[in-house]
Amino acid sequence: MELEPPPPTQGRWLESLPEQARRHLPPAVWAYVQAGARDGVTSDEAPDAWRGVRFRSRVLTGVAEAELATEILGRRFASPLAVAPTAMQRAVHPQGERAMARGADAAGCLHAVSSNAGTPFAELDAQGWWLQAYLPPDRDEMLPVLDAAAAARAAAVGGTG
């Protein structure tokens, strides 16, 4: 899927992304992506929540260069931002989690991968990624997933469930 580049004077390119996705994705994939989890409460609240986020400008403070690098669990990252785990990325793009891992590595940020990823962990070729594990009631069922993540150099595991 090729996204249309932002027009030079258009400041609301980000807001055009859902419509671009709807036009480019198969209807079933679009329905899944836009549905949100459970009752959709979080996805319904997110736009207003993001509108409420403000960065405080620090003008005229004598800072010539901002330092964004940080250390997380002993690894240095160029950015304090992280790519959140999202399942079924290959439904949206053929490269799925592989492309996301390359982008995160290029940006110098952490990449968290869902245990429901559509790409085998060994194919990620990511640097220092983390695994978000959806834990089943029978925890032993997760052992092959954890073994695969460790073999693919996952740096950390966090679980839900």
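## A nonpolar patch on the surface

Y32, V33 and M88 form a nonpolar patch on the surface. Together, these residues have about 280 Å² of accessible area. The model is a predicted one.

V33 sits in helix 2, which covers residues 27-35. Its relative accessibility is 41%. Buried means under 20% and exposed means over 50%. V33 therefore counts as partly exposed.

## The overall layout

The protein has 5 helices and 6 strands. Read from the N terminus, the order of elements is α-α-α-β-β-β-α-β-β-α-β.

The C-alpha atoms fill a box of roughly 55 × 45 × 30 Å, taken along the principal axes.

## Surface and charge

The accessible surface of the protein is about 11,600 Å². Carbon and sulfur atoms supply 57% of that surface. The protein has 161 residues, and 22% of them are buried.

How many side chains are positive, and how many are negative? There are 15 positive and 19 negative side chains. The centres of these two sets lie 6 Å apart.

A101 belongs to helix 4, which spans residues 96-107. Is A101 buried or exposed? Its relative accessibility is 0%, so A101 counts as buried.

Which residues does A101 contact, leaving aside neighbours within four places in sequence? They are H111, L124 and A126. There is also a distance to look at here. A101 and D125 are 24 residues apart along the chain. Their C-alpha atoms are separated by 7.4 Å.

## A buried serine in a loop

Where does S79 lie? S79 is in the loop between strand 2 (75-77) and strand 3 (82-83).

S79 touches L68, T70, A107, G108 and C109, not counting residues up to four places away in sequence. One of these, A107, is also part of the range given for helix 4, residues 96-107.

V33 is partly exposed at 41% relative accessibility. A101 is buried at 0%. V33 lies in helix 2, S79 in a loop, and A101 in helix 4.

How values were computed:
Residues numbered from 1 in each chain as written. Predicted model: local features only at pLDDT ≥ 70, side-chain atom pairs only at ≥ 80, totals over all residues. Heavy atoms only, no water. Patch = residues over 30% accessible without salt bridge, like charges linked within 9 Å, V, L, I, M, F, W, Y side chains within 5 Å. Areas by Shrake-Rupley, 256 points an atom, 1.4 Å probe, with all protein chains shown as cover. Salt bridge = Lys/Arg side-chain N within 4 Å of Asp/Glu carboxyl O. Helix = DSSP H or I, 4+ residues; strand = E, 2+ residues; numbered from the N terminus. Buried < 20%, exposed > 50% of the residue type's maximum accessible area, 1.4 Å probe, protein only. Lys, Arg positive; Asp, Glu negative; His and termini not counted. Charge placed at Lys NZ, Arg CZ, Asp CG, Glu CD. Contact = heavy atoms within 4.5 Å.
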